[in-house]
Amino acid sequence: MNESAHLWLIPLFPFLGFLLNGILGSRLPRRLVSAIGVLAPLVSFVVVLSDFGATIITAASSCPNCGSVAALALPASETLSYPWLAIGALRVDFTFVLDQLSAVMLLVVTGVGFLIHVYSVGYMKDESGYARYFSFLNLFLFFMSVLVLAGNFLLMFVGWEGVGLASYLLIGFYFQRTSAADAGKKAFIVNRIGDFGFLIGIFLVLTTFSTLSFSQISVWLALSPDWHGTVLTVICLCLLVGAAGKSAQLPLYIWLPDAMEGPTPVSALIHAATMVTAGVYMIARTHLLFDRSPVALWTVAIVGAATALFAATIGLVQNDIKRVLAYSTISQLGYMFLACGVAAYSAAIFHLVMHAFFKALLFLAAGSVIHAMGGEQDLRKMGGLRTKMPVTFWTMTAAVVAIAGFPPFAGFFSKDPILYAAFLQGTGSKVLWLVGLVTALLTSLYMFRLWYLTFMGEPRSEAKHHHSTPLSMLVPLVILGILSVCGGWIGIERFSAYLAPVAAAHRPMPAGNPFLEFILTIVAVLVALEGWLIADKYYRRKPERPAQVAAALPNGYKLLLNKYYVDEIYGAIIVKPLLAFSKYVLGGVDLLLAGIAWLLAGIASMTGMILQRWQSGNLRSYAAWLAAGAAAVLLFLLLTGSPHAWSLPFFHSETIFKVSHITVIQNGQAGH
Amino acid sequence: MHLILFFLFAGFCLAGAINLLLQTHPINSALSLIVVMTSLAVLYLLLGAEFLAIAQIIVYSGAVMVLFTFVVMLLNAGREERTLGSRAATRIGFPAVVALFAVLATIFLHAQGLGAAHLGEGLSSAPGQSNLTLLSQILFHELLLPFEVTSVLILIAILGAVAIAHVEGSKMSSSERVAEK
Amino acid sequence: MSFLQHDVPISWYLLLSAILFSLGVVGFLIKRNLITVFMSIELMLNAVNLSFVAFAYQWHEVRGQIFVFFVMMVAAAEAAVGLAIIIAVFRARSTLAVDRIDLMKL
């Protein structure tokens, strides 16, 4: 009944794509490279889809004679027979686990990934590192699927690090640009800081549970239902540090805006839909641990809410289209963290999926706009593209409406459960609800601002390239547009029910009130509408108003425009002292080492110079040293020889024997 | 009698050796060395090594020293010049020599079991066994191989000496050669 | 009378040998003429010969004298070759001063 899920196929094909395109790509024709690059995620998607279909069938029909239909019971896990680590009591295997959570995540990863691969064929058509791009993109998919499928912390960490690597490679794709190379480094380093926290968390898990496998940890936790508190809190906080690094939450979000230096499809895939959601996924995956620690959950919620508001305020005044979208991503990720923090894990995952749809669409559409504008990314220079790029316009509109949270689009169905759960949690969490509400207002505001500035009004500058967008770019836009519209229609209840075996919270949820829920929903929609109206006023009817407001509050405006000077603060507090430390302290160590090296070299050369004088060629000095050596040897023999050294050392029996032997011969010959 | 002879010829040895050191012209040193060698021959006689005494005179004084004298005269070696000395020679060499001598002297003077030499007494007390007989018995029986090898050695030495000292080609004198370079 | 009849201790011969040897080393060190240095070497060899003969007498061992015989032969051969080398060196360097001949390469 339990068919093999062929889980190993899911990462395999992207990996093969990476190898093929990476090694041979520069020599293959472009079409072949594209084919390999696009087929790999397609195959993975098909495998995931078939597995998912099998699980749906199993869940839907628990009939005894369903043998004819291939069914899959979840969780399905595949383990390699050879353990990865078997040291003493520790045993870590290569285990892939497919359960409801990873199935949903994989659908998003491979599906949206596939669409973005198709889009890239058109977008990157004129780029020189074409094969390199697709191989890195496939590499990313490989690591992401490893991350999602991982059955233990260590394998997940492998995927975690790997997606960081792929992200670095892709952000720095245009490595000839210094800013791109720096952005890649910044992303990797900040991620590393988060990874450090993650590692500490893993070590603590290891010492606490003696195992790293998720299933075994859940067994352990089930055995002691009253175990709350200290160690688990520390573990969760460490894991949170890792998640914050990967998912760009406060204070480790600084890399994401800079990551926009990479190609736009990369921003869509990695920095909107999939990699940055890895942190949310990780928290959902380890939610059993988080459930045991109220402190950690509160921290997650506060971090999420604060980040959401913070990023939304910055996104309000940015002028680069991709920066706006980047801050929007950070803000929406904050929503997801908020959801996790109030133990509404299913809501977080649901929002993750919806966000993947419309954020990827937003980025791809923005890419299309940038493509048409010949590389121009400044909003102030765009305008009036509505008529010139209809497909892009309509799909982007769908995405903007979705993210603002208007029914019946996707964002509405996912954002409101989060706000509702936040409201219900308790008195303190009502503050979080309020923060979420204000953020919703700001989200609507800045997204419509972007919409107005890009598509409405008169063109503020001449678009340079007016060639039409290729089909490979339009089709994914349309598909994602449809998903943004209809995706939410699954409904949170069905979604939570599906995810319940793995993502249900273990805390008793406060009793819901349908009437309250309705009221809150209305409030949220009204807030979103208000945001639209404000944007309409400022950016369509009275376009001179934003400048006036900015002039009226110059300090506030500058603060927001410069992202609260966070980068500069970090630079002053962390980077500069570190550089000074390395220069002066470690520089001192460097000097010491150089000094030692110099000393050793000096000793060698001095010894050489001294000993060189010995080889003078002067006969008499040679003779002198010879005599000295001979005297030394004799003295040595004399002083350390046998106790009878004073007596002649050669006066021993053998000589006596010889002497007597000769005397015998002589005597014999003499005829005695 | 033995004592007088010993002191006399030991004195000659020492005088010759010291003269060798003190003289500046090499020919004088060569002649002093001849004196040393001859005195040593007498001392060998006192110690009952007659064959060796004669061999010393014939080989050493009569051949080797003559060779030295020939070379001195051939190369027209003059008085020693004042050249750059070697500091190592004086600073390390002399203490080394002193130490060497001290060690040797200590050993010889404190050794036990050393007797005295009687005049006229040889190595063996058997009649008819002269020093020469004794020597040749060992030399031509047990040590025949080393003996033959030594003769080969001398042959090689002759060849080597001829090869090294041979002047290639022309009959230029050494001074003309030097001027040519 | 008894003084004159006195036998000479072997150690005196050995001491003489030691003195001659040391004088040879001193000559090797202080002499500046190449030939004179070589002569000091001969002096050293002779000193050792004396000591061998003395010991041969002491232990009634004729092998000591045989060794002296071989030493003489080898010394003679060595003197021949050595002087030939001195002649060759003189030809190349046109000096017999030991301090001036300080390069192996002629």
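Mentor: Happy to! Among the elements of chain C, helix α3 (residues 34–58) of chain C has the highest mean pLDDT, 94, while helix α1 (residues 2–5) of chain C has the lowest, 65. This is a predicted model, and chain C as a whole averages a pLDDT of 89, with 93% of its residues scoring at least 70. For the model, the scores are ipTM 0.90 and pTM 0.65.

Now turn to the partner of α3(C) in chain B. The axes of helix α2 (residues 26–46) of chain B and α3(C) come within 10 Å and cross at roughly 5 degrees. Angles under 35 degrees count as roughly parallel, so α2(B) is roughly parallel to α3(C). On the chain B side, the residues making this contact include Leu33(B), Val36(B), Met37(B) and Leu40(B) of α2(B). From α3(C), the contributors include Ile35(C), Met39(C), Leu43(C), Leu50(C) and Val53(C), and also Glu42(C) and Asn46(C). By class, this helix pair brings together 13 nonpolar, three polar and one charged residues.

Chain A touches chain C as well. That contact takes 10 residues from chain A and 10 residues from chain C. On the side of chain A that touches chain C, the elements giving two or more residues are α25 (619–640) and α26 (653–669) of chain A. Of these, α25(A) gives the most, with five residues. The chain A side divides into five nonpolar, four polar and one charged residues.

Note on methods:
Residues numbered from 1 in each chain as written. Chains lettered and ligands numbered in written order. Predicted model: local features only at pLDDT ≥ 70, side-chain atom pairs only at ≥ 80, totals over all residues. Contact = placed C-beta atoms within 7 Å. Helix = DSSP H or I, 4+ residues; strand = E, 2+ residues; numbered from the N terminus. Nonpolar A, V, L, I, M, F, W, Y, C, P; charged D, E, K, R; others polar. pLDDT = per-residue confidence, 0-100. Axes fitted to C-alpha atoms, helices over the stretch in contact; angles between N-to-C directions. Parallel < 35°, antiparallel > 145°, perpendicular 65-115°, else oblique.
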